Amino acid sequence: MADMQHIPNVKMSAQGVNVLYGEKQAIRDVSIEVDLENVTALIGPSGCGKSTFLRTLNRMNDTVSGARVEGRITLDGDDIYGADMDVVQLRARVGMVFQKPNPFPKSIYENVAYGPRIHGLAHGKADLDEIVEKSLRRAGLWDEVKDRLHESGTALSGGQQQRLCIGRAIAVEPEVILMDEPCSALDPIATARIEELILDLRGNYAIVIVTHNMQQAARVSQHTAFFHLGRLVEQGPTTEIFTNPREERTKDYITGRYG
Amino acid sequence: MSGTMTLFVVVALGAIGWIVARARATRMQAEAGRLATNSLPSQHGWYVALWTALPALVFLAVWANVTPALVLDSVLQAPAAQALPADGFTRSAILGEARAIASGAQAAAFNPQSMTLVEPFRDAARHYGGMGALLAVILAFAGGAYALSRVRPAFTARRRIEKLVMWLLLGASLIAIVTTAGIVGSLLFESMRFFSMVNPLDFLTGLKWSPQSAAMGYGNEDAFGAVPLFWGTIFIGAIIAMVVAIPLGLMSAVYLTQYARPQVRKWMKPTLEVLAGVPTVVYGYFAALTVAPALRSFAAAVGIPGASSESALAAGLVMGVMIIPFVSSMADDSIAAVPQAMRDGSLAMGATTSETIRRVLIPAALPGVVGGVLLAVSRAIGETMIVVMAAGLAANLTLNPFASVTTVTTQMVQLLTGDQEFDSAKTLAAFALGLVLFVVTLLLNIVALRVVKKYREAYE
Amino acid sequence: MTGQAALTPHGATPGAAPAPRIAAPTDWRGEAMRRRIARRYAAERRFRLMGLAAVLLSAGFLAFLLVTMVGNGARGFTRTQIALPIDFQRSAILIDPALLTGGNAEQALAGANLPAVIDKAAETAFGENGARMISPAAQTAVRKAIIADPAILTGTATITVPASEGIDVAAKGQGSAANEAAVARLQQAGALSTGLNLRFLTASDGTDPTLVGIWGALKGSLLTMAVTLALSFPVGVFAALYLEEYAPRNRWTDLIEVSINNLAAVPSIIFGLLGLAIFLNLMHLPRSAPLVGGMTLALMTMPVIVIAGRNAIKAVPPSIRDAALGIGASPVQVVFHHVLPLALPGILTGTIIGMARALGETAPLLMIGMRAFVASPPHGVMDPASVLPVQIFLWSDEVGHGFIEKTSAAIIVLLAFLLTMNSIAIYLRNKFEKKW
């Protein structure tokens, strides 16, 4: 792992990104880099645009009518808004976990198998079974559900559902995983499981997590970016942001003056 | 005094009561001060007006229903009535004619004997009419005087009027129950009479339907087997129509909600809904005039045997088109009820829109869609005009969509139009068919609403 | 942390500390994957096209239906006319010219032997088949001409009269060979012309397609709708107010709600059975009358109004009720002064839609005997009457091209009414729709 550290392993990079919803500018001139070694946390008060920015990274903003993205975002150096970037492929490579667990109303097995199926990643039933098992193991859910794979995914608890959604995302072999406040709907114990999982996934997947919770950002991330009113105020190593922020606004937010 | 005149007088008395009471209450208020009085002057006015008019109106309504019998009684006492023939039918024909001439509804008599009874009728009507008018006016005065005597500062006229309003509102909503009871009651009652002539089991399982032969006196056995009707209804309404309506309705809903630009959606959705607003008699005419002949020539051209100019297919196709908006709007609602998160979840994994729709949205919306289809089926099997005009009368048990079949509703119309004698098995059979139709559509609706409701709850 | 593990797919023990990826990242640029994606996009396009096709097919059917009806029906509004020369002097017309100056000219002429005179004139002018080229409606035209100018009775006049069904249909291009030939002859003689069929809008049912009109049925429909509206609107609105504003939560209220929801789904023909059993057989109201039709349709329309009314009332925000209650209004005042006026546009929209449905309804009216041949417009709600959809149904049973175009023309009139009503409903909804 020592040899990895000096390789500049930039996975995604955003430069001068603006997002507009009609006339309203939601994101102003944001530049950031995401790499494999570090979990990147996006923090800031609600409405600051951090979730909006996250959604630009796999072009989920395309589904919002009237949304416009300016600037340049690359994945492995390719512009993801470029003409030759296929959005279906992009989303397979940049997976996403949502704020509220959103398992499909299908069985646990079918939830995980969905991605590999549509992308044709499995060759035969045995292969698919293996992918499902590995993904669920990876998501730390396997032991809890291995005997009831064919029960509905919506029957699981909230924390289990969210891990199922992570497992579902992993099953497609993404390179980047975007997490949009993945623990905001969960209780502390379930949150702890998800955080462990994030630490566990780090290094194989570039992870970007949007969070409301300062402690969570401090616990799981190595790189933190502070958003305020649609701008990226400050970014840097998490320890630095939390112990010695350069900007007054960052300090105020982290110490709980507003937010 | 004529009925209308009495009515007018009673209402006018009520209006006078309103004015008098209001003036009195206003004066009272001026003396006692605003806060000492419980109700507004106009409320006192209404209280008195209602007491004046309502009892009198109720009396008039009752009177109007009892007078014909009283009039008839007194006419039969008249000397001219002694000459009436004993035979019930001619007797009532003559009496009816005399009554019609007396009231001015008819100008001249067909039977000269009725002319002799016109005067007694007129006299009796005048007598009882005058009596009713007098009683109504007395009642109006009495009610008004009583109410007027109660106009006092402390009198709670407002609360009393509001109580009446509440009773009125409650009464209006009870009409729904009364109607339902009326439907169930009349269907059950007439069906019971039918089933006393025809074995219910024969009716529900018999394979031969020929009420004409029963009417001609060949007996009721074997004539009222309704299975061919049930089959025709299902074949047209639940099979052929659904084969048309489900794919077209579902795909239209999918296209309009998931693909179409807002502008297109804004225009196309109401356009498709026009299909549901076209009267069924228009569809029926279209099916009979345009679709059925085209289908018959087609069947003849490709050599399908048994093609009829009144085919199940023509009726079913057109009915399917009529049902499209129902399926489409139910599918629309169901798909819209699937949380956006579900759609996002699928898209975020790199699924294309159609994969998301086919593999996530439609399966998730399926209970709602199924509920909608059940509602559509219930609508289709109860539909009458299209099948009456396009499906034909031959009670065939056939799988050939180009052949003619008949349906429950077609036969109901057939049995009940034209000359009816109201207690033959033939006319009563229509009520038995109606009962079956009512029960089946009711069950379909209950099941459908359960399914839809359960599904809605799943996402709330 | 686990960088190298990423290079060993399917490798490490699950759950062990250096957690691996479950497999190597997919090679998205590979040939197989590219082909697969192309296939998926093709499927996407196909699916989208299927959706579009479904929409277009449905809309196309509607267009086809309307075009067929308008194509057939437009001819119902025009008629073929023949310029018929009548020599009144030579025909033995049985009328006293003195009667023509008074107000009773119509009656006097009705007693005259005009039909025979017309037949004779037609045979003189157009040969032995002449009489069959003239519509029975020619009488009216001749009568009008005589009243307008009694002087023509002393000489010869050429009067434009409607042609018979056979000639009319042939002139519009669908007649028999014999009639086509007759039309050709008439055209050569310059006697043929096309005019507006005003009679269609002013007459009632008849036995000859050139005689019929829809006024009787239209008036019957209007009377029926008036009865329906007068009964179903107040009852529907009151029931909606009660259920939404005052009803306690108990079994009775549930029963009312269940009844209303079920009534809304009961097939219309069942309401016809109810009308037959209760209104006709039990209460002995007259058959075929707008009163009974209106009552039957009112029972059918009432649930629609209740449901629309409840939705409109529900949409009035509670804050308005609170505000009114807060200044001391009684519950009844709150509802009648504040809630009802605010909900009224929504209720009206629902009412119009319900009325439009009732206007197009046929089946229940057949059950209560409204399929009679009624040749004069009704004067009141107790008179025998027909209604537009039933008239359409009756005419559709007639054979012959003359009735086909009349049926379609009646459908156009019916659709025009429905379209107007629905447009008003949509306009109301858009104009008064409030977002609270």
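## Largest cavity

In this predicted model, helix H7 of chain A gives the most to the lining of the largest cavity, contributing three residues. That cavity has a volume of about 60 Å³, and the structure as a whole holds six cavities of 30 Å³ or more. The elements that give two or more residues to the lining of the largest cavity are helix H3 (87-93), strand S6 (94-97) and helix H7 (158-170) of chain A, together with helix H12 (340-348) of chain B.

The residues lining the largest cavity from chain A include A:Arg91, A:Ala92, A:Gly95, A:Met96, A:Cys165, A:Arg168 and A:Ala169, while B:Gly345, B:Ala348 and B:Met349 line the cavity from chain B. A:Val172 and A:Pro174 are also among the lining residues. Sorted by class, the lining of this cavity has eight nonpolar residues, two polar residues and two charged residues.

## Second largest cavity

By class, the lining of the second largest cavity divides into two nonpolar, four polar and three charged residues.

## A hairpin in chain A

Strand S9 (residues 223-228) and strand S10 (residues 231-237) of chain A run antiparallel and are joined by six bridges. Within this pairing, A:His223 of chain A stands opposite A:Pro237 in S10(A). The hairpin formed by S9(A) and S10(A) has two residues between the strands, and A:Leu229 takes a positive phi near 50 degrees there.

## Overall form of chain B

Chain B has 16 helices and zero strands. Its radius of gyration is 32 Å, well over the 23 Å that the globule rule gives for 460 residues, and chain B is therefore more spread out than a compact globule. Along the principal axes, the C-alpha trace of chain B spans about 85 × 75 × 40 Å.

Of the 460 residues of chain B, 50% count as buried. When the contacts in chain B with a separation of 6 or more are considered, residues 24 or more positions apart account for 71% of them.

Definitions and conventions: Residues numbered from 1 in each chain as written. Chains lettered and ligands numbered in written order. Predicted model: local features only at pLDDT ≥ 70, side-chain atom pairs only at ≥ 80, totals over all residues. Heavy atoms only, no water. 1 Å grid on protein atoms, 1.4 Å probe; cavity = no way out; pocket = protein on both sides within 12 Å on 5 of 7 lines; lining within 4 Å. Points joined across faces, edges and corners; volume = space filled by probe spheres on them. Helix = DSSP H or I, 4+ residues; strand = E, 2+ residues; numbered from the N terminus. Nonpolar A, V, L, I, M, F, W, Y, C, P; charged D, E, K, R; others polar. Pairing = 2+ DSSP bridges. Rg over C-alpha atoms; globule rule 2.2 N^0.38 Å. Buried < 20%, exposed > 50% of the residue type's maximum accessible area, 1.4 Å probe, protein only. Contact = heavy atoms within 4.5 Å.
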